[in-house]
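Visitor: I have a model open and a few things to ask. Can we go through it piece by piece?

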Amino acid sequence: MLIGAHVRDDDPLTAVAERKADVVQFFLSDPQGWKAPKPHPHGEAIAADPVEVFIHSPYLINVASLNNKIRIPSRKNVTQHADGAAAVGAKGLIVHGGHVGANDDVEAGLDNWRKLFEREQEKGGFKVPILIENTAGGENAITRDLDVIARLWDKVGEFGAGFCLDTCHAFAAGWDLATAVEKVKAITGRIDLVHLNNSRDEFGSTRDRHANVVKGEGTIDPEVLVAVARAAGAPVVVETPPDGQAADIAYLREQLG
């Protein structure tokens with residue numbers, strides 16, 4: 001099983017070596033901004049390295065939004081980052097599910113996700129798979145609850161959308177981690193990546209605060225996280241505090257083989 005971490009953007013291969021990782025995730029631009037990614041200074045080396053690469057899109061992206069000033073740049077940004085991800089040999093681009101406004105119809109947000117894929121398909125499709133990630137909380141969120149994820153997949157599944165399961169987000173949203181993988185696969189048919197994060201907060205908190213898998217402030221039993229990774233059978237990325245990532249990876253490799 002491939003196990004790795006989300007690392008700093010400037011020199012991911014050095015970070016991989018420090019953590020003895022098999023897979024790496026990083027941003028291509030400011031995660032709190034709208035700027036298109038520039039060619040990575042180590043792009044050719046990253047693409048040529050055997051490490052498996054995933055790119056996380058900026059947090060501002062909200063494809064579901066009914067606000068044109070958010071949705072339109074979000075669509076553009078997804079395409080730009082998918083192109084940038086392809087340039088470094090990435091296996092996928094992770095995009096949060098987003099949300100609609102308090103007085104908006106969630107169904108309209110789901111339709112906006114479908115339109116993203118329809119528009120791109122007309123141009124030949126995305127250059128890398130788009131992996132939609134579950135989220136921890138927020139009113140009218142698109143990927144917080146399994147029933148809404150099921151409705152989303154009715155809209156986007158035919159376009160080859162992938163799924164990224166975040167354990168901290170699932171725990172915060174009130175999912176039973178013992179059955180989360182089974183339920184997600186029943187809906188999507190796939191899990192392409194696992195963000196194996198512990199949580200600093202209690203079950204159902206709707207708070208997205210990650211903790212290290214082991215030796216940290218986590219409220220999730222590490223054995224439960226191991227069981228999720230084993231059941232998912234997908235590459236694992238820890239998005240945990242950097243100082244503990246090497247220990248997290250070593251523990252998971254010992255448990256998962």
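This is a predicted model: local features need pLDDT of at least 70, side-chain atom pairs count only at pLDDT 80 or more; totals for chains, interfaces and linings use all residues.

Visitor: Which residues of α8 are buried?
Guide: In α8, residues 222–232, they are L225, V226, V228, A229 and A232. Seen down the axis of α8, these buried residues fall within an arc of 160°, so they line one face of the helix. The arc is that of the directions from the helix axis to the C-beta atoms. Buried means under 20% relative accessible area, exposed over 50%, and partly exposed in between, with a 1.4 Å probe and protein chains only.

Visitor: Switching to strands. Which way does β1 pair with β2, parallel or antiparallel?
Guide: β1 (residues 3–6) pairs with β2 in the parallel sense over three bridges; two strands pair if DSSP finds at least two bridges between them. The bridge partner of H6 in β2 is Q25.

Visitor: Are the faces of β2 covered or open?
Guide: Both are covered: in β2, residues 23–26, V23 and Q25 on one side and V24 and F26 on the other are all buried.

Visitor: Where else do H6 and Q25 turn up?
Guide: Both line the second largest pocket, with others including H56, H169 and D208. That lining divides into two nonpolar, six polar and three charged residues. Ala, Val, Leu, Ile, Met, Phe, Trp, Tyr, Cys and Pro count as nonpolar, Asp, Glu, Lys and Arg as charged, and the others, Gly among them, as polar.

Visitor: Last one: which residues lie nearest the centre of the largest pocket?
Guide: H96, G98, H99, T135 and G137, out of 17 lining residues. On a 1 Å grid over the protein atoms alone, a pocket is an open set of points where a 1.4 Å probe fits, with protein on both sides within 12 Å along at least five of seven lines, and lining residues have an atom within 4 Å of a point.

How values were computed: Residues are numbered from 1 along each chain as its sequence is written. Side-chain values use heavy atoms; hydrogens and water are left out. Helices (H or I, at least four residues) and strands (E, at least two) are DSSP runs, numbered from the N terminus.
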